[in-house]
Amino acid sequence: MKRIRDDLAAKRILVSDGAWGTFLVAAGLQAGECPELWNVEHPEVVRGIAETYFDAGADLVLTNSFGGSRFKLGQYGLAERTVELNEAAAALSREAAGPDRHVVGSVGPTGKMLMMGDVSEEELYDAFRTQLVALESGGANACDIETMTAIDEACIAIRAAKENTGLEVICTFTYDTSTAAGYRTMMGVSPAQMAEATLAAGADIIGANCSLATAEMVPVVKELHAAAPDVPILVHPNAGRPIRADDGSITYPETPELMAAEVPNLIAAGARIIGGCCGSGADHIRAIAAAVRAALA
Amino acid sequence: MAEILEQLAMCIERGKVNASSPYPPDLKGQEGADELCKKALDDGLAPNDILANGLVVGMNAIGRKFSKNEVFVPDVLMAAKAMTAAMEHLRPFFDSGEATFKGTFVVGTVQGDLHDIGKNLVAMVVEGGGYKVVDLGVDVSPEKFLDAVKGNPGATVGLSALLTTTMVNMEKTVSLVKEAVPGTKVIVGGAPLTQEFADKIGADAYSPDPQGALDFLAAASA
């Protein structure tokens, strides 16, 4: 199977994709509606997002399966359709990717907390295994276990990927809490702790996504790189912190140029794969891709 | 203050549930909130005294540390677990009326939003502050909030949202509740919210953390 790390060895820095949710909302996804259901009900919209990002210069594109665990789908009464919706998610991104580019299956948190006894380790493992196997059979060649905050849940997902699929495993945490000692996840996990635990569990590529603005990601990437100097680091910053306009609409303050301006700093900090999270679109990825090309030239 | 209540407060703050709980490791084998609360009752302390000078003190301490980013979600969850264990012993006195809550807090995640971690943290900290909490769960319609306010006269309402797409649903609930039951206080919170947004939709308060909700309740009832 294709490996992102082989491409990294050849090209040094790769470009990833931007946000998916904002695209879906713009296309008419309503609050309270299941985004993953669009993989079968509006496949042209979902495929179009992947195509847009590849056209913008992404080397790897994720899938519309962030909430695709049976726990999350179960909130919409769709737990029975977990395999179908995840296979469709991967298939749509694969159609956009063609055979040579990377499709990275998105796997988000289940919303269940092991420490509270919400769920057992076995139940979590089974849920992740089902989702990951479906993403692989739909056409993904890697997965991104993303927006994680707890070490136990992330490591169970990594193990489920390693033990049941041939997917290359990326794992990214979200660091939303600022402390005197640096950024932490809401569960109190530092980038260095995350690196140690997820690599021990078998992750191939680690990183950070969401919550933080682009410049705020620089110290996080530095800490990850210091903890794991030989491991590629992926970073998906938000396009700044959301701002609400008078008409109720939400905007993100970082323009494509502002995000792209941080690319040299992210690379200097140790980032090897750069994309965006909430608020970033095709123009942001196009600008990031140009900045990466300039940095490599 | 009785020494046993200081110990109880410490156990709540540290998340020490009972003697058999292995957490936190340095208190292994010692009595926890469960045993100490029962002992305090056996010693003849009044339930209200135990609540105010034991449970509330402990939850307040952890809530303040959480709002300063000195502790994290797991620490608050463990403290809440210890508080719940102690509360089990006090519940019969609240049911009989011998002990009283400081007030009632109706809380839920707004319509269209299924995220409950933030809402649960607020519910735990407010309950630990001595309030009766009516938790309506997630995806709660404005009408359901209104029914709960009608069923709990004088209650303060807490609205939670994680998504930028659902925070806009808060406004409907605020206006419905305030129109139908004038004087009802509403506090809002959630990752994408700001004070400006709270002002704009007519909420009485915004808090970026659970302790802020408790402080607002305390100030409103003072």
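Strand E3 (residues 102–107) of chain A pairs with strand E4 (residues 142–148) of chain A in the parallel sense, over four bridges. Two strands pair if DSSP finds at least two bridges between them. Strands (E, at least two residues) and helices (H or I, at least four) are DSSP runs, numbered from the N terminus. This is a predicted model, in which local features need pLDDT of at least 70, side-chain atom pairs count only at pLDDT 80 or more, and totals for chains, interfaces and linings use all residues. Residues are numbered from 1 along each chain as its sequence is written, while chains are lettered from A and ligands numbered from 1 in the order in which they are written.

E4(A) also pairs with strand E5 (residues 168–173) of chain A, again parallel, over five bridges. Look at Asp144(A) in E4(A): it stands opposite Ser106(A). In E5(A), the bridge partner of Asp144(A) is Ile170(A). E4(A) is mostly covered, with seven of its seven residues buried. A residue is buried if 20 or more other C-beta atoms, placed from the backbone, lie within 10 Å of its own, exposed if 12 or fewer do, and partly exposed in between.

Now take a single residue of chain A. Leu266(A) sits in helix H12 (residues 263–269) of chain A. Leu266(A) counts as buried because it has 28 C-beta neighbours inside 10 Å. Met217(A) is 49 residues away from Leu266(A) in sequence, but their C-alpha atoms are 7.6 Å apart in space. Leaving aside neighbours within four places in sequence, Leu266(A) is in contact with Met217(A), Val218(A), Val221(A), Val235(A), Ala271(A) and Ile274(A). Contact needs C-beta atoms, placed from the backbone, within 7 Å.

The chains touch as well. In all, 17 residues of chain A are in contact with 18 residues of chain B. On the chain A side, the largest share is three residues, from strand E6 (residues 177–179) of chain A. That side has eight nonpolar, seven polar and two charged residues. Here Ala, Val, Leu, Ile, Met, Phe, Trp, Tyr, Cys and Pro count as nonpolar, Asp, Glu, Lys and Arg as charged, and the others, Gly among them, as polar.

Chain B has an open sheet of five strands, in the order E2-E1-E3-E4-E5, with parallel pairing. Strand E2 (132–135) and strand E5 (205–206) of chain B each have a single partner strand, so one side of each is left without a neighbour in the sheet. Helix H5 (residues 117–128) of chain B packs on the sheet and touches E1, E2, E3 and E4 of chain B.

The domain assignment of chain B, which is automatic or from a database, gives domain 1 (3–96) and domain 2 (104–221). Their C-alpha centres lie 25 Å apart. Between them, 14 residues of domain 1 of chain B are in contact with 11 residues of domain 2 of chain B. Helix H3 (47–67) of chain B gives the largest share of the domain 1 side, 10 residues.

Definitions and conventions:
Contact = placed C-beta atoms within 7 Å. Axes fitted to C-alpha atoms, helices over the stretch in contact; angles between N-to-C directions.
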